[in-house]
Amino acid sequence: MIFDAVRNNKRVVQVFLALITLPFAFWGVDSYVRDSGAGTDLASVGDSKITMQQFDQAWRVQQDRLRQALGANFDAAAVNTPEARLAVLNALVDQRLLLLEASKGRLVASNDQLRDVISKIPALQEDGQFSMARYQAALAAQGMSQPQFEAQLRQDLTLQQLVAAIGDTAIVASGTSEEMLRIQSEERQVAELRFTPEQFAGQVKIDAAALEKYYEENKQRFEIPEQAKADYVVLSLEALMDKVTVSDGEVSAWYDGHKDRYQTAEERRASHILILVDANQDEGKAKAKADGILRELQESPGKFAELAKQHSQDPGSAQKGGDLGFFGRGMMVKPFEETVFKLQEGEISGVVRSEFGFHIIQLTGSKAGAQRELADVRAELEDELKRQAASRQFAEAAEAFSNTVYEQPDSLQPVVEKFDLKVQHSGWLPRDSSPPALAALGELGNQKVLTALFSADSLKNKRNTEAIEVAPNVLLSARVAEYQAASSRPFAEVRGDIEAALKAQEAAVLARQAGEAKLSALLQQGGTEVKADWSPVKSVSRVDRQQLPVAALQAIFRANVQKLPAYVGAEVAGGTYVLYQISKVGQPAVVDEKRREALQREYSTVLGQEDFAAYLSGLRSRYKIDINKSALDSKQR
């Protein structure tokens, strides 16, 4: 999206905008600070309303973002909660508060700011320069008009100005950052002594009564969930395509009747000189300037590139002598396009008015349209004709498939014979699965399929499931072939696992007790008379943790180091208890200046976020905010 380049601006602004990232609809700032009036509203901020339509748009975009971020783990039902919907609505309220404040303070992004940002969006550049052709093409691809995009961008820039004005006030004193750097960089020389459960495993004995007691108290851990094996059939468009054939005559007839689809469009290359006109400019002066440039060109046509560099106000093409490259119809604004496609190569137009301003255009090249021959397009044409035929067949077959599995529910054989399908057989399918587990089940990894399979109609009445669309143009029906109710694994089967777990648990207790006893002895005697096989000394800091577990690092830096050596202990993963001997505390010989600067930026961001949260809280106290809870609850239902 071309908005991404706009929003990836200063870091502090980016962090704040992450709190209000729901998109604006295309109604302009005015629509947010007026009473929108119609329909049932979800909230009001002062006299400004947040409508159902605006909430639905924000909700859809939020779901799309989660879907992209979570991939196969995305579960629409799990994130469709009252709390999630209220969070989205509150984000819209925060947006509205900021827009109202911006409007109240007459804060708005200027036309110059707008042009500057657009000209620097990488997706709209060609050879490092802004390309009007790419701009028009990008907007068309997103289904947006130029006024829509620029109105939305102006709102984003306006909000960035307001947010930056708050965030940039967060200043970190140099003394504070120095103290933080000193704490972060402090190094402690440590050696370790490990007490592992394996060292004490031989001392552990677990009696049979303890094993049986654990089994009875933790039976849920040994449950085998309800599961079933299924027979199923699949009707798909792709399978039908494999059975479709098209003749050479059909291919030739289609090509002859649709030759225009296999033509490359005519393209033109042009250069232009643009004199901008906006609401703050005198159109007469701009026209007079364009007329003067045109007279100079009429006297010296060869100076077009020179005059474009000197006078054109199109930042993307001016430094290239006004060159816009090749483009086809529909890529430029209408007055510009109509003029270009009437010019002869080398010819210079008169002054042309468009919504941007006044253009003087020179046609510098042209490419005639070309016809792709049948031999070049035969493969893709055959594929298209097969897909069309298969689509017609699928549309007819889908209804018959659904009716057959429903009307003859005691077997899949009728639908197999009718559509020449193959019965497939699954392994054990769980009734409930996480999204990753569902993905591993392939076509059967669809919650609707599993719900239907484990329904009373399937389990008790032994009927086919209904036809379920598991993917676009893919229908599936299944029936239970084998079923196992939820059960517990017998004690004899899990006895060994329980014994191993309890032994590891008891051995970990012994390891911790031994470690704590050693630590107590070291603390009492100052470490001078207690023998221990310490590891080699290594230097650790909060920045360079040397792969130490978090619990160990926290213990080391909580230790009182007024007297050295100092000793601390920590229990780490796997039940191991580790003692740490701290023999020296110091600072690195060289302070990393980049780290100092990064730390100051991070702390500034934290303070800025706190300031921004306080600012929003203040706005919420100044404006009357009403949430239509019943309307929001109805959206959930």
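Tutor: Begin with helices H15 and H16, which are roughly antiparallel to each other (angles over 145 degrees count as roughly antiparallel, under 35 as roughly parallel, 65 to 115 as roughly perpendicular and the rest as oblique). This is a predicted model, in which local features need pLDDT of at least 70 and side-chain atom pairs count only at pLDDT 80 or more, whereas totals for chains, interfaces and linings use all residues. Residues are numbered from 1 along each chain as its sequence is written, and side-chain values use heavy atoms, with hydrogens and water left out.

H15 covers residues 283–299 and H16 covers residues 304–311, and their axes come within 10 Å and cross at roughly 160°. Helices (H or I, at least four residues) and strands (E, at least two) are DSSP runs numbered from the N terminus, and axes are lines fitted to C-alpha atoms, for helices over the stretch in contact, with angles from 0 to 180 degrees between N-to-C directions. On the H15 side the meeting residues are Lys289, Ile293, Glu296 and Leu297, and on the H16 side they are Phe304, Leu307 and His311, where contact means heavy atoms within 4.5 Å. Sorted by class, this contact of H15 with H16 holds 4 nonpolar, 1 polar and 2 charged residues (Ala, Val, Leu, Ile, Met, Phe, Trp, Tyr, Cys and Pro count as nonpolar, Asp, Glu, Lys and Arg as charged, and the others, Gly among them, as polar).

With that pair in mind, turn to H14, residues 248–257, in which Val251, Trp254 and Tyr255 are buried (buried is under 20% relative accessible area, exposed over 50% and partly exposed in between, with a 1.4 Å probe and protein chains only). These three cover an arc of only 100° around the axis, which puts them on the same side of H14; the arc is that of the directions from the helix axis to the C-beta atoms. An α-helix has 3.6 residues a turn, so residues three or four places apart point the same way. Asp256 and Gly257, by contrast, are exposed on the other side of H14. What the buried residues of H14 pack against is strand S13 (370–371) together with helix H18 (374–407).

The axes of H14 and H18 come within 10 Å and cross at roughly 105°, and the two helices are therefore roughly perpendicular to each other. From H14 the contact takes in Asp248, Glu250, Val251, Ser252, Trp254 and Tyr255, and from H18 it takes in Leu374, Val377, Arg378, Leu381, Glu382, Glu384, Leu385 and Gln388. In this contact of H14 with H18 there are 7 nonpolar, 2 polar and 5 charged residues.

A further helix pair is H4 (residues 52–70) and H6 (residues 82–104), whose axes come within 10 Å and cross at roughly 115°. H4 passes H6 in a right-handed crossing, and the residues in contact are Gln54, Phe55, Ala58, Trp59 and Gln62 of H4 with Ala84, Arg85, Val88, Leu89, Leu92 and Arg96 of H6. Their classes are 7 nonpolar, 2 polar and 2 charged.

Another helix with buried residues is H7 (residues 111–119), where Leu114, Ile118 and Ser119 are buried. Viewed down the axis of H7, these buried residues fall within an arc of 120°, so they line one face of the helix.

Leaving out residues up to four places away in sequence, Asp457 touches Lys462 and Arg463. Lys462, in the loop between H22 and strand S16 (468–471), has a positive phi of about 55° although it is not a glycine, and its relative accessible area of 46% makes Lys462 partly exposed.

To place these parts in the whole, the protein chain has 26 helices and 22 strands, and of its 637 residues 40% count as buried.

Note on methods. Left-handed = near helix turned anticlockwise from the far one by under 90°.
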